[in-house]
Amino acid sequence: MPKLIVLGSSTNIPDINHENTHLALVDKERLVLIDGGGNPFVRLREAGLDEKKLTDIVMTHFHPDHVSGIPLLLMAIGLSGREEHLDIYANEHCLGLMKQLLGFYEWHTWHSFPVTFHTVEEEELRVLIETKEFKIYTSPVKHFIPTIGMRFEFIKSGKVIAFSSDSAPTPNLISLAKDADVLIHEAAGASPGHSSALQAGEIASEANVKSLYIIHYPAGDFDYHSLINEAAQSYKGPIKMAEDFLEFDF
Ligand SMILES: [Zn+2]
């Protein structure tokens, strides 16, 4: 059965129990890593996933709390003996900068398996990956730099999960999350590139989703459970915090 696993749930400042926000989507054929701050190689193993089965990496945008661990992951899986091909997807902005970053690491001296980079076009609800068990769509969202949000459709169960990535409220988030069973929405705090929990609730209401999970929230000493009460002012459905290693089994 395909599942989506939360590998990290915090904003750009992680703590012991909350790694920077990133996810994994896994079925029989594919293991898709979505972003990777920190050390995704270790994180995948902690989640019980086999990094040897990694087939795809999707990067939502080029901020260090989302992609700083990707070069480290590529090195680690290469040195672990990987020979299989890997696909990496991101928008033009992120992909260009990641290639430069890998260049600074002189990755031509250590990378050992074939990698294909795929540019994600800035189109709404574009199909990115399709398997027998799920379909991933992307849409541009509203952050400080070009960023994509995602929608996961699970074929057999018909269930849908939407993920805001880092974004201020935008109509694209509403279409991305339309009638979803689960909306995983950030609540880093209201700003031109982020949302508050209240705004996450507004998007959840407008998109008519069945449940809301708050992610990319300030962790540490912050009373992050208060964000549930805040979101409840604008969304009447069930609201939970997306904690690290939470699994959605669809
Ligand atoms: Zn960001």
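At 14% relative accessibility, Ile239 counts as buried, a label given to residues under 20% relative accessible area, with exposed meaning over 50% and partly exposed in between (1.4 Å probe, protein chains only). The model is a predicted one, in which local features need pLDDT of at least 70 and side-chain atom pairs count only at pLDDT 80 or more, while totals for chains, interfaces and linings use all residues. Residues are numbered from 1 along each chain as its sequence is written, and side-chain values use heavy atoms, with hydrogens and water left out.

Ile239 belongs to strand β13, residues 239-241; helices (H or I, at least four residues) and strands (E, at least two) are DSSP runs numbered from the N terminus. Leaving aside neighbours within four places in sequence, Ile239 is in contact (heavy atoms within 4.5 Å) with Leu212, Ile214, Ile228, Ala231 and Ala232. Leu73, by contrast, is 166 residues from Ile239 in sequence and 33 Å from it in space, C-alpha to C-alpha.

## Arg82 without a salt bridge

Arg82 lies in the loop between α3 (70-79) and β5 (86-90). This residue is buried yet has no salt bridge, and the nearest side chain of opposite charge, that of Glu84, is 4.6 Å away. A salt bridge requires a side-chain nitrogen of Lys or Arg within 4 Å of a carboxyl oxygen of Asp or Glu; for charge, Lys and Arg count as positive and Asp and Glu as negative, while His and the chain ends are not counted.

The side chain of Arg82 does reach the backbone oxygen of Leu54, at 2.7 Å; a polar contact is a pair of N or O atoms within 3.5 Å, where within protein one must be able to donate a hydrogen and the other to accept it, and residues adjacent in sequence count only if both atoms are side-chain atoms. The charged end of Arg82 also sits over the ring of Phe113, 5.3 Å from the ring centre, the criterion being NZ of Lys or CZ of Arg within 6 Å of the centre and within 35 degrees of the ring normal. Not counting residues up to four places away in sequence, Arg82 touches several others, including Glu51, Lys52, Thr55 and Ile77.

## Salt bridges elsewhere

A search of the whole structure finds 12 salt bridges. Among them, Arg151 and Glu153 meet at 2.9 Å, N to O; Arg151 counts as buried at 11% relative accessibility, whereas Glu153, at 23%, counts as partly exposed. Lys210 and Asp181 meet at 3.9 Å, N to O, and this pair links distant parts of the chain, with Lys210 in the loop between α6 (197-206) and β12 (212-215) and Asp181 in the loop between α5 (171-177) and β11 (182-186), 29 residues apart. Asp181 is buried, with a relative accessible area of 14%. Arg43, Glu46 and Asp244 are linked in a network of salt bridges.

## An aromatic cluster

The structure holds five aromatic pairs, defined as rings of Phe, Tyr and Trp (its six-membered ring) with centres within 6.5 Å, where planes under 30 degrees apart count as stacked, over 60 as edge-to-face and the rest as tilted. Trp107 and Trp110 form an edge-to-face pair, 6.2 Å centre to centre with 70° between the planes, and both residues are buried. Trp107 and Phe117 are also paired edge-to-face, at 6.1 Å and 65°; Trp107 lies in the loop between α4 (92-104) and β6 (115-119), and Phe117 in strand β6, 10 residues apart.
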